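Me: Please examine the model shown below and answer some questions on its aromatic rings and its core.

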Amino acid sequence: MSEKCFYCTNDIQENGIHHVTFHVTDEHRDETLCDECYQEWLQGIKG
């Protein structure tokens with residue numbers, strides 16, 4: 001069973017799953033990103 005990317009909603013292959021935690025209003029949200037969205041997320045937090 002494949003997972004879906006939180007951001008782009010594409011199916012993610014098992015070897016391309018990245019788990020990230022978002023901090024939103026004193027809450028932690030664990031989400032799954034694909035390789036491409038994960039790379040964009042990393043660039044976004046680098047500034």
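Predicted model: local features only at pLDDT ≥ 70, side-chain atom pairs only at ≥ 80, totals over all residues.

Reply: Residues are numbered from 1 along each chain as its sequence is written, and side-chain values use heavy atoms, with hydrogens and water left out.

Me: How is the aromatic pair of Phe-22 and Trp-41 classed?

Reply: Rings of Phe, Tyr and Trp (its six-membered ring) pair if their centres lie within 6.5 Å; planes under 30 degrees apart are stacked, over 60 edge-to-face and the rest tilted. By this rule there are three aromatic pairs. For Phe-22 and Trp-41 the centres are 6.3 Å apart and the planes 75° apart, so the class is edge-to-face.

Me: Which elements does this pair link?

Reply: Helices (H or I, at least four residues) and strands (E, at least two) are DSSP runs, numbered from the N terminus. The partners are 19 residues apart, and the pair links strand β3 (residues 18-24), which holds Phe-22, to helix α1 (residues 35-46), which holds Trp-41.

Me: Is Trp-41 buried, partly exposed or exposed?

Reply: Buried means under 20% relative accessible area, exposed over 50% and partly exposed in between (1.4 Å probe, protein chains only). Trp-41 has 24% relative accessibility, and therefore counts as partly exposed.

Me: Which residues make up the largest nonpolar core?

Reply: A nonpolar core is a set of buried Ala, Val, Leu, Ile, Met, Phe, Trp, Tyr and Cys residues joined through side-chain atoms within 4.5 Å. The largest has seven residues: Cys-5, Ile-12, Val-20, Leu-33, Cys-34, Cys-37 and Tyr-38.
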